[in-house]
Amino acid sequence: MVASAGLAGVLDRFIESSAFPINEVNKFSVAEKRGGSRPDFWEMVFWWTRKPLIGARAVIAGVLLPADFSPLEFRRLVRLWPSVKTPHRENPIVTQQLREHFAKIRLLDPFAGFGSIPLEAARLGLSEVVAVELLPTAYIFLKAVLEYLKLFGERLVKDVERWGRWVLDRLREDPDIRELYNEDVAVYIGSWEVKCPYCKNYTPLIGNWWLARVSKESSEEEGEEESGVKKGTFSGLAWMEPYRASNLIGVRIVDLNKELDKKEIDARVNAKQGFVEVSGRTYDVPKANIDAKKEIATCLACNNIIKKTGKNEEWYVKEALREYNSALERYFRGEISLEELLASRARPRILVRVRIVGKELEFQPATEEDNKKLWRALERLKQMWGDPDIPTELFAPYKMGTAGAFRITLWGFDKFYKLFNSRQLLTLVKLVKLIREAGRRVEEEKLEQGWDKEKARKYAEAVTTYLAVALCKHTNYNSIVTSVESTQKIIRESLSFRGIAMTWNWVEEHPGADVIGSYVRSLTNIAEGLQYLINAVFGSPSCVEVVLDDATVLGKLDVDEKFDLIVTDPPYRDDVPYAELSDFYYVWLKRALSGIDEVFGVMRLTPKFHREAFFDELGNEVETQWKAFALREVSENEGRIKYFGGKKSALEYFKSLLTESFKAMVSRLADNGLLVTYYAHTSPDAWEALLEAGWLGSKMRITTAYAIATESTESIVARGKIRLDMAIVAVWRKGVNGEALVDEVYAKAVENCSKDALNYRKAGFDGVNLFVAVLGKVLSHFTQYERLIGLKTAGGSQVKELVEKHIYPATAEAIARSYGAVGAKLSPTSMFYLLAKVLVGRRPRQTRRVLDRTTSIILAIGTRSDLEELRRHRIIVRDEERHILLEPRWGMKSPREAIEDALNVRNLNPRAPTITTAIDILHLLEYYATTLPKDEFKRKADDIRRRAPTLFDETVDLVKILAQGLTNEDPEKELAKQVMEALEIGAPGTLESFVRR
């Protein structure tokens with residue numbers, strides 16, 4: 001099948017022009033990621049990366065429309081309209097003319113994830129939308145998001161609700177559930193207790209004694225943003241306190257709202273130090289008695305410290321947890337008794353029960369009976385051991401990048417069933433069986449209503465899939481790797497980190513309680529998500545297809561099948577080990593969506609729904625995703641490579657897979673088609689991998705790039721990061737050819753891109769947006785050539801040299817030019833200082849800009865600076881992995897105090913200064929201009945000019961740039977203006993030339 005001429009004759013696209021409204025797109029993208037504004041279907045189940053819909057919509061529309069398209073009409077189309085508060089909740093306004101144009105376009109997303117891109121393509125009404133995913137878990141979630149609603153519409157929502165109620169009713173009627181849960185208890189909070197090696201008593205290990213710290217209105221105190229101090233009005237303040245009764249450590253509840261008989265309390269709370277101040281009285285909150293990182297615990301019975309006593313010795317607590325997990329398996333196999341299991345040196349323990357009274361939480365100490373119910377659940381599980389619905393699959397046994405995805409295996413938790421206490425596990429197995437039975441009954445019901453067999457089966461598949469997705473959400477909130485989230489929602493999910501972590505204070509839910517993550521609430525989330533999706537895609541003219549395929553091959557697509565547009569979000573190196581982590585869902589999906597039959601005398605899972613996801617071509621069960629797909633996932637994962645015996649380094653393996661995926665995409669791209677990639681790194685080595693894959697490996701060129709917001713404003717602007725909080729959207733075209741001298745390309749890129757930078761700034765670009773937009777234009781100059789002459793290295797390593805020595809410096813220089821005055825000449829040190837000032841945002845309570853590690857490296861490479869030298873000259877100072885820019889302090893009473901503080905922290909004596917950089921002169925002149933009479937200032941300035949004439953001239957250029965380019969809130973803007981006035985310098989002019997350093 002050959003693509004239509006949907007994009008024929010269209011040269012420059014709207015997204016490639018400075019009219020693309022990136023600021024508005026980012027504004028609404030940030031809002032979309034906040035809790036109250038997220039798309040409802042996102043709440044159906046947690047997934048690690050979900051790009052904002054408004055960003056995806058704007059990118060797709062921006063690529064499809066010509067550069068001269070009306071900006072006003074573009075905003076109207078994608079709903080960037082003043083009257084629309086949440087654009088993603090509104091469908092695009094597609095005119096008849098655009099509808100005809102879009103109806104010719106075919107779009108492919110080979111890394112479809114949770115479906116933001118294909119969903120928005122369908123809402124725009126493209127002819128055909130194909131979403132590809134490698135992993136069965138993501139494939140099933142995509143089916144739930146993109147396919148079923150278009151087929152069945154509103155009736156599906158009603159039947160999912162009906163059969164969800166059927167499952168819950170049957171669960172509540174189950175005698176085990178009735179016996180093992182207290183009907184009035186919504187949540188149980190537990191932890192692990194270990195037998196102290198000193199006093200031999202069991203002591204609970206509590207990582208966090210807080211139960212509720214819910215603030216109605218609060219703020220961090222000035223200067224204490226890192227200390228955990230909040231002052232304000234709290235609607236919930238409660239914590240646990242330990243007490244000793246004979247040899248037992250119990251907990252009592254301190255509920256301050258109850259104690260003071262107040263629904264709201266004005267308080268000052270220090271969560272880190274552990275105290276609450278109310279009306280002059282201080283309440284102490286216990287501190288954690290376990291620090292797993294330091295491998296230290298304190299026995300609450302005898303106060304002895306439980307730690308390593310020898311260098312090569314295993315920590316007692318870790319050893320005890322391993323012992324319990326080993327004993328648990330032996331108990332289920334019938335090798336030891338329950339009494340022997342419970343005599344292990346570690347065991348789970350319920351500490352607190354939580355009731356919901358009206359809209360309030362009521363905390364109560366757990367009883368001995370609460371814990372006995374856990375042991376009775378163990379007995380039930382032992383009776384059914386060997387049931388294929390119990391997930392006994394192994395976790396991936398290797399370490400996965402910085403996430404350490406399953407480091408919990410070090411504690412003996414090596415199989416999925418061990419992530420749940422006995423009552424949780426028993427309940428989840430019962431839910432699986434009920435969901436499977438519901439699916440069977442749905443199919444029978446539709447057949448009885450006269451549906452044909454294929455349609456009835458497809459409908460039953462859809463209903464069962466949604467019931468199973470609700471189960472996935474429930475497991476995420478109901479395991480022993482959850483934790484207490486005391487400030488908002490009680491429960492922090494199992495997958496809230498980029499790995500499965502060992503946690504203390506886990507949470508167990510009653511599946512029928514109306515609390516976040518329970519099965520009943522998860523079903524509500526499903527229904528709300530389905531209603532959102534019906535409004536979004538039901539009635540869309542697009543043909544939407546979800547394909548289980550490998551993006552490095554795309555072998556399930558017809559070889560002649562071409563797409564006008566490919567928009568995708570490939571994995572970011574080692575960001576998330578999807579294959580391994582999403583197995584947490586996979587083991588439950590596989591059971592709920594498969595059948596059980598006796599095969600050769602053994603009960604086994606058999607194909608039912610989504611056979612292609614859970615069984616291979618021969619009908620063999622795909623045990624886990626990590627075993628089947630880990631080496632095919634485009635990701636940088638050293639643990640995988642070593643485990644499977646790979647010869648390449650993890651980075652080289654990632655690069656090779658990324659290159660193969662680019663080649664596969666290009667082979668499916670129409671000649672006049674465009675490829676758009678999201679990429680959440682701007683670090684040089686990340687761009688090296690991307691350019692090797694797209695430019696060197698696939699002969700594609702970048703024409704433009706944008707930083708599209710993917711998180712909240714707090715993450716993007718306030719923290720001043722240029723990594724991960726924003727995805728870099730790059731537009732690629734075919735047409736790489738010819739060769740050129742790299743130095744000539746550099747000079748042309750700087751000249752042209754400084755004008756682009758100025759245009760972007762006039763259009764409202766700043767900070768990260770400005771950096772990435774200019775970076776995209778610089779890349780367009782370098783990537784248009786097949787070969788660049790003058791690079792010292794050959795092969796893949798030439799990309800590293802190109803990025804570090806040409807692309808980043810050209811970007812930095814072009815941006816600096818856009819801020820500069822005529823003839824400005826800045827050294828690397830001054831360039832670094834300038835770009836840090838104009839590109840990095842300042843967090844509200846920070847007194848100086850903070851540069852994270854990646855930002856520091858990017859700016860150092862881009863300005864050809866050396867971080868060690870910058871530290872030596874006191875331009876920056878190290879703060880762990882970050883750097884603080886030693887600029888005039890924000891928040892001071894006057895500019896004079898701000899610059900006095902800067903001189904002090906930089907150890908620069910204004911009476912007898914030692915001058916080594918233009919920044920020294922800058923700060924000295926700023927100090928003199930605010931403290932000395934004009935004549936005395938001139939005398940000091942003339943003295944500095946005689947001592948360091950070149951540096952003085954550079955400082956004058958820098959002063960002009962800062963006076964023009966800084967925001968009004970920056971105290972150095974006013975200081976620079978005062979220096980200009982004292983030096984009798986006119987306003988900065990337009991830059992015509994800039995000396996390349």
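Is Cys-299 buried or exposed, and what is its relative accessible area? Cys-299 is buried, with a relative accessible area of 0%; buried denotes under 20% relative accessible area, exposed over 50% and partly exposed in between, for a 1.4 Å probe and protein chains only. The model is predicted: local features need pLDDT of at least 70 and side-chain atom pairs count only at pLDDT 80 or more, while totals for chains, interfaces and linings use all residues. Residues are numbered from 1 along each chain as its sequence is written, and side-chain values use heavy atoms, with hydrogens and water left out.

**Cysteines**
- The whole structure contains 0 disulfides, a disulfide being a pair of cysteine sulfur atoms within 2.5 Å.
- The closest cysteine sulfur to that of Cys-299 belongs to Cys-302, and at 3.6 Å it is too far for a bond.
- Cys-753 is buried, with a relative accessible area of 0%.

**Aromatic pairs**
- The whole structure holds 43 aromatic pairs; rings of Phe, Tyr and Trp (its six-membered ring) pair if their centres lie within 6.5 Å, and planes under 30 degrees apart count as stacked, over 60 as edge-to-face and the rest as tilted.
- Phe-41 and Tyr-532 form a tilted pair, with 5.7 Å centre to centre and 35° between the planes.
- This pair links distant parts of the chain, 491 residues apart: Phe-41 is in the loop between helix H1 (22-33) and helix H2 (53-64), and Tyr-532 is in helix H15 (residues 519-537). Helices (H or I, at least four residues) and strands (E, at least two) are DSSP runs numbered from the N terminus.
- Phe-41 is buried at 0% relative accessible area, and Tyr-532 is buried at 7%.
- Trp-210 and Trp-239 form an edge-to-face pair, with 5.6 Å centre to centre and 70° between the planes.
- Because Trp-210 lies in strand S5 (residues 210-220) and Trp-239 in strand S6 (residues 229-245), the pair ties together parts 29 residues apart in sequence.

**Charges over rings**
- The charged end of Arg-213 sits over the ring of Trp-210, 4.9 Å from its centre; the criterion is NZ of Lys or CZ of Arg within 6 Å of the ring centre and within 35 degrees of the ring normal.
- Lys-455 lies over the face of Trp-451, 4.6 Å from the ring centre.

**Surroundings of Arg-849**
- Arg-849 is in the loop between helix H27 (828-839) and strand S28 (850-851), and is buried at 5% relative accessible area.
- The Arg-849 side chain reaches the backbone oxygen of Val-840 at 3.0 Å.

Notes. A polar contact is a pair of N or O atoms within 3.5 Å; within protein, one must be able to donate a hydrogen and the other to accept it, and residues adjacent in sequence count only if both atoms are side-chain atoms.
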